[in-house]
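I opened the notebook to record a few look-ups in this structure. The entries follow in the order in which I made them.

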Amino acid sequence: MRIIMLIDMDYFYVACEELRHPEIKDKPAVVGMDPRDGKGRGVVMTCNYLAREFGIHSGMPISMAYKAKSDAIFLPVDFDYYEKVSKGIMDLIKPYGTKFEQVSVDEAFIDATGKVSDYTGAQILAKRIHDRILSEIGIRCSIGIGPNKLISKMACEKAKPNGIKLVKEEDVKGFISGMDVESLYGIGSKTAQRLRKMGYATAAQLAKANEMKLIDEFGMFGHEAIMFANGIDEREVTENYDIKSIGRELTFEENTNDEKEVEKTIEKLSAEVMKEVAKNQVSFKTVTLKLRYGDFTEHIHSKSIRLTNEMTAIVDTCKELYKRSVDVTRKVRKIGVRVSNFTSYKGQRKII
Ligand code: DCP
Ligand code: MG
Ligand code: MG
């Protein structure tokens, strides 16, 4: 028997913002696009649970969120900051598993089989991880514990917010059978719709489905879907070394439109990016320059180049992108340098 845990941060982006703006705690807060007095476009990335009480949720148009609670705190997105916080969390979680798999910026699976011998041990371990993330990072999380990925992910959803939920192997059937097909981790909303049309609306119905009929409709996924509906999931927790991009950013002490200063910063950031590139033994094909102006508008400029791992390629491309695209009438507040579209030169493994 395996013991798998899924650890997911609560209202992650806003939780990060609370770390650096403690004054927003206990107020409804939203991270997303600028609501511009209700005329703003774009969506809510996430919001804290206080804001959720007003019906606000991830993916909702920001204008609608503004309508729901115009005096909520609306904050812009700062991925680089969230990634930094995330890295601290992941480093903390990783040693608790014999295997570790980060699935998004705010969640990771660990396989704790071998670290603990039973469910009681698993609960103690989960509590320790939960409490350490709170005391050392300052963020609350929820943890699902189960015999596989599917169950631990779904248990985590039930544990939210700030809870730990264990579903023992013998309780899996009872836990899962009343759920709708869309609550099955791995079944997206489109697939769920198709399943509903075929007459399978709940996990219990899908669990007893005609396998041939499902394979006809979905291929091998049809088989997997039935397994999921029975709470069976053989997927391993797999280490992922894959990185998609490497970037560094810097906010100027004072906003600037001095070309020399910007170029110096590009060189400095490129050198930092280069260090990571070398450490990961990758070559890259895309260079991206991000400019955030004093008014917080952000412009992203990318260029594809030949596959390379040279620092001069980063510096030259960024300088060129800057010259070509900067609005000299405005001052730059923050600048970012990023490379992506990788090929590994370590062995044969591609890590795109
Ligand atoms: N996110 C996003 N757009 C979405 C959903 C999420 O940009 N439609 C971002 C913002 C979230 C982060 O990803 O903070 C993590 O996503 P989660 O689904 O884990 O959601 P939260 O952590 O915000 O809330 P929860 O407490 O439900 O986990
Ligand atoms: Mg989360
Ligand atoms: Mg998540």
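**Entry 1: a strand residue**

I looked up Leu289 and found a relative accessibility of 0%, so Leu289 counts as buried, the cut-off being under 20%. The model is predicted, and I read every value below as computed from that model.

I placed Leu289 in strand β10, which covers residues 282-293. I then listed its contacts, leaving out neighbours within four places in sequence. The list holds Ile266, His299, Ile300, His301, Cys318, Leu321, Tyr322, Ile335, Gly336 and Val337. For one of these, His299, I took the C-alpha to C-alpha distance to Leu289 and got 8.3 Å, at a separation of 10 residues in sequence.

**Entry 2: the metal site**

Which residues coordinate the magnesium ion (ligand 3)? I found Asp8 and Asp106, each through OD, and Glu107 through OE, at 2.1 to 2.2 Å. I noted the sequence spacing of these donor residues as D-x97-D-E.

The pair Asp8 and Asp106 links distant parts of the chain, 98 residues apart. Asp8 sits in strand β1 (residues 4-9), and Asp106 in the loop between β5 (99-104) and β6 (107-111).

I checked the accessibility of both. Asp8 has 7% relative accessibility and therefore counts as buried. Asp106 is also buried, with a relative accessible area of 11%.

I next looked for a link to the other magnesium ion. The magnesium ion (ligand 2) is 3.5 Å from the magnesium ion (ligand 3), and Asp8 coordinates both.

**Entry 3: ligand 1**

How many residues surround ligand 1? I counted 13, and the closest are Asp8, Tyr11, Thr46, Tyr49 and Asp106.

I then went through polar distances to oxygen atoms of ligand 1. A polar side-chain atom of Tyr49 lies at 2.7 Å from one such oxygen. For Tyr11 I noted a polar backbone atom at 2.8 Å from an oxygen atom of the ligand. For Met9 a polar backbone atom is 3.1 Å from an oxygen atom of ligand 1.

Where do the shell residues come from? β1, α1 (12-20), β3 (44-47) and α2 (49-52) are the elements that give two or more residues to the shell. Last, I looked up the area: ligand 1 taken alone exposes 550 Å², and the protein buries 70% of that.

How values were computed: Residues are numbered from 1 along each chain as its sequence is written. Chains are lettered from A and ligands numbered from 1 in the order in which they are written. This is a predicted model: local features need pLDDT of at least 70, side-chain atom pairs count only at pLDDT 80 or more; totals for chains, interfaces and linings use all residues. Side-chain values use heavy atoms; hydrogens and water are left out. Donors are N, O and S atoms within 2.8 Å of the metal (3.2 Å for Na, K and Ca); water is not among the atoms, so sites may look incomplete. Helices (H or I, at least four residues) and strands (E, at least two) are DSSP runs, numbered from the N terminus. Buried means under 20% relative accessible area, exposed over 50%, partly exposed in between (1.4 Å probe, protein chains only). A residue is near a molecule or strand if one of its heavy atoms lies within 4 Å of it. A polar contact is a pair of N or O atoms within 3.5 Å; within protein, one must be able to donate a hydrogen and the other to accept it, and residues adjacent in sequence count only if both atoms are side-chain atoms. Accessible areas come from the Shrake-Rupley method with a 1.4 Å probe; for residues, only the protein chains shown count as cover. Contact means heavy atoms within 4.5 Å.
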